[in-house]
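Keep the 3D view open and find each residue as it comes up.

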Amino acid sequence: MNFIVTFEDNETMGHMREKYLDDHFSFLTANQKSIQSAGPLLHLSSGESAGGMWIVEADSEEVVHALVKTDPFWSSGLRKHYTVLRWKKAFA
């Protein structure tokens, strides 16, 4: 099954991004079989980070939640909120 995960950043923790960025990238690389695509969401006016988005292939929603909870950006408090949605690809 395919899922979209969107993340909202915790505005008060932005100063921590650089500290956890390498760990976050290592996490994404280690889980690239499931996390097929990932990247930041940026505010149009400022270019500042607004959160992020993943495209995930997993057997269940529970697997997706477990992935989120092991991401260093989540455990560090950098992310404030996330949403998991089931995604049905319309075309290749």
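This is a predicted model: local features need pLDDT of at least 70, side-chain atom pairs count only at pLDDT 80 or more; totals for chains, interfaces and linings use all residues.

Phe 7 lies in strand S1 and is buried, with a relative accessible area of 4%. Ala 92, by contrast, is 85 residues away from Phe 7 along the chain, and the C-alpha atoms of the two are separated by 25 Å.

Now look at the rings. How many aromatic pairs are there? The count comes to four. The rings of Phe 7 and Trp 54 have centres 4.8 Å apart and planes at 65°; an angle over 60 counts as edge-to-face, so this pair is edge-to-face. Phe 7 sits in strand S1 (residues 2-9) and Trp 54 in strand S3 (residues 49-57), so the pair ties together parts that are 47 residues apart in sequence. Trp 54 is buried too, at 2% relative accessibility.

Phe 7 also pairs with Tyr 82: the ring centres are 6.3 Å apart and the planes are at 40°, so this pair is tilted. Tyr 82 belongs to strand S4 (residues 79-87), so here the parts tied together are 75 residues apart in sequence. Tyr 82 counts as buried at 13% relative accessibility. Ring pairs link Phe 7, Phe 27, Trp 54, Trp 74 and Tyr 82 into a cluster.

| Ring pair | Centre distance | Angle between planes | Type |
|---|---|---|---|
| Phe 7 and Trp 54 | 4.8 Å | 65° | edge-to-face |
| Phe 7 and Tyr 82 | 6.3 Å | 40° | tilted |

## The sheet behind the rings

In what order do the strands of the sheet stand? Four strands form an open sheet in the order S2-S3-S1-S4, with antiparallel pairing. S2 and S4 are at the edges and have a single partner strand each, so one side of each is left without a neighbour in the sheet. From one strand to the next, the twist averages 15°. As background, strands of a sheet pair through backbone hydrogen bonds, either parallel or antiparallel.

Let us follow the pairings. Strand S2 (residues 35-42) is joined to S3 by seven bridges, and the two run antiparallel. Gly 39 has Met 53 in S3 as its bridge partner. S2 and S3 form a hairpin with six residues between them, and Gly 47 in the turn has a positive phi of about 80°.

S1 and S4 also run antiparallel, joined by eight bridges. Thr 6, which lies in strand S1, stands opposite Thr 83 in S4. Is Thr 6 buried, partly exposed or exposed? At 28% relative accessibility, Thr 6 counts as partly exposed. Leaving out residues up to four places away in sequence, Thr 6 touches Gly 52, Met 53, His 81, Tyr 82 and Thr 83. In a regular strand the side chains alternate between the two faces of the sheet.

## A helix and a core

Which residues of helix H2 are buried? They are Val 64, Leu 67 and Val 68. Seen down the axis of H2, these buried residues fall within an arc of 100°, so they line one face of the helix. On the other side of H2, Glu 62 and Thr 70 are exposed. The cover over the buried residues of H2 includes S1, H1, S2, S3, helix H3 (72-75) and S4.

The largest nonpolar core has 14 residues, and those with the most contacts inside it are Val 5, Ile 35, Trp 54, Val 56 and Val 64. S1, helix H1 (17-30), S3, H2 and S4 are the elements that give two or more residues to this core. Ile 35 is in contact with Phe 27, Leu 28, Trp 54, Ile 55, Val 56 and Leu 67, leaving aside neighbours within four places in sequence. In soluble globular proteins, nonpolar side chains tend to be buried together.

How values were computed
Residues are numbered from 1 along each chain as its sequence is written. Side-chain values use heavy atoms; hydrogens and water are left out. Rings of Phe, Tyr and Trp (its six-membered ring) pair if their centres lie within 6.5 Å; planes under 30 degrees apart count as stacked, over 60 as edge-to-face and the rest as tilted. Buried means under 20% relative accessible area, exposed over 50%, partly exposed in between (1.4 Å probe, protein chains only). Two strands pair if DSSP finds at least two bridges between them. Axes are lines fitted to C-alpha atoms, for helices over the stretch in contact, and angles run from 0 to 180 degrees between N-to-C directions. A nonpolar core is a set of buried Ala, Val, Leu, Ile, Met, Phe, Trp, Tyr and Cys residues joined through side-chain atoms within 4.5 Å. Contact means heavy atoms within 4.5 Å. The arc is that of the directions from the helix axis to the C-beta atoms.
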